[in-house]
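Here are my notes on the model, as numbered points. Please read them with the structure open.

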Amino acid sequence: MHEAHKRLRPGREREAFKKEPAKRRPAFTLIELMVVIGIIALLMVIAIPLIGRALEQARQADCASNLRQFSVAIMVYRNDRSNDPIPTPPWLSNLYPSYMTAPSSYICRTDRSRGREGSRPNGVFENDFDETDDTEFNPSGPTAYGRNPDIRRCSYMYEFSAAPCSWNWSSYLGTSLADVDRNADGVASWAEVKMYHMQNGDEWNKHQPYGESMFPMIRCFQHHAFKKVHTPEGLQAWTLNVAYAGNVFEAPLFWEYNFGPP
Ligand SMILES: [Zn+2]
């Protein structure tokens, strides 16, 4: 009596019918699916380089902002020491923490090593000038020539460092130690060589002074894989720089080309 009553309830019958799996034709045929996959692949091929370029442009803007912070910091530092024989800081790391407040400003976001490999990414300089690395891995140790070990890593090349200059400056500048050694310690530091270079020129420009607004003081070589510029010697890495005068400017790897033919 009870069982029969249950079976006859119309609501139950409908529920049972709904739960039965429906037999349908597949939503996509194999060919339709492959066309859709093909279109998605094509869109990705188009979009990925565009996204990559947009991200790199954002990183370049961030790098320029780091460089402007260094520029202001060095201006203030130089103002405080205008009577010193060498008015520039020995290292960028010495600007921390009084003049530069954040260690993150020492890292260019394009630098995949996050400052570990210093300022000279592979494909640009190899191991040349590693004495200028403002990192704990400097060949002369983490406190080399007075650098501040609290800054462990740095993506930027500081042309005016206190490290002795390994560049073949004497023949290129056509001068000797007595002319460049501003603090008379018997050693030609990068700062001393570069100061002389800026004020007296070199073999390439026939010994004319270089302008302070296009003479690099800090350089970023990290963007070399993303951007090249035409020079008389072919395509070169694009670089972002702070000039001695404090302005941020772009230049080829050989910044001298910004001055045109000598
Ligand atoms: Zn950079």
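1. Start with E192, which sits in helix α6, residues 190-200. The model is a predicted one, so please keep that in mind for every point below.

2. Is E192 buried or exposed? E192 counts as buried, because 24 C-beta neighbours lie inside 10 Å; the cut-off for buried is 20 or more.

3. Which residues does E192 touch beyond its close sequence neighbours? Setting aside those within four places in sequence, E192 is in contact with I86, V180, D181 and R182.

4. Now the largest nonpolar core. This core holds 42 residues. The members that touch the most other members are L67, F70, L92, Y156, Y158, I218 and C220. At least two core residues come from each of α3 (30-80), β1 (157-158), α4 (169-173), α6, β2 (216-220) and β4. Helix α6 gives the most, with 5 residues. As background, nonpolar side chains tend to be buried together in soluble globular proteins.

5. C220 deserves a look of its own. Leaving out neighbours within four places in sequence, its contacts are C63, L67, C108, S155, Y156, T239 and L240. One of these, L67, is also among the core members with the most touches, and Y156 is another.

6. Strand β4 covers residues 234-243 and strand β5 covers residues 248-252. They pair in the antiparallel sense, over 5 bridges. V242 stands opposite V248 in β5. Between the strands there are 4 residues. In this hairpin, G246 takes a positive phi near 110 degrees.

7. On the overall layout: the protein has 6 helices and 5 strands. Read from the N terminus, the order is α-α-α-β-α-α-α-β-β-β-β.

8. How does the radius of gyration of the protein stand against that of a compact globule? For 262 residues, a compact globule would have a value near 18 Å, but the protein has 31 Å. The C-alpha trace spans about 120 × 45 × 30 Å along its principal axes.

9. Two whole-protein figures to finish. Buried residues make up 30% of the 262 residues. Of the contacts with a separation of 6 or more, 63% join residues 24 or more positions apart.

Definitions and conventions. Residues are numbered from 1 along each chain as its sequence is written. This is a predicted model: local features need pLDDT of at least 70, side-chain atom pairs count only at pLDDT 80 or more; totals for chains, interfaces and linings use all residues. Two strands pair if DSSP finds at least two bridges between them. The radius of gyration is taken over C-alpha atoms; the globule rule is 2.2 Å times the number of residues to the power 0.38. A residue is buried if 20 or more other C-beta atoms lie within 10 Å of its own, exposed if 12 or fewer, and partly exposed in between; C-beta atoms are placed from the backbone. Two residues are in contact if their C-beta atoms, placed from the backbone, lie within 7 Å. A nonpolar core is a set of buried Ala, Val, Leu, Ile, Met, Phe, Trp, Tyr and Cys residues joined through C-beta atoms within 7 Å.
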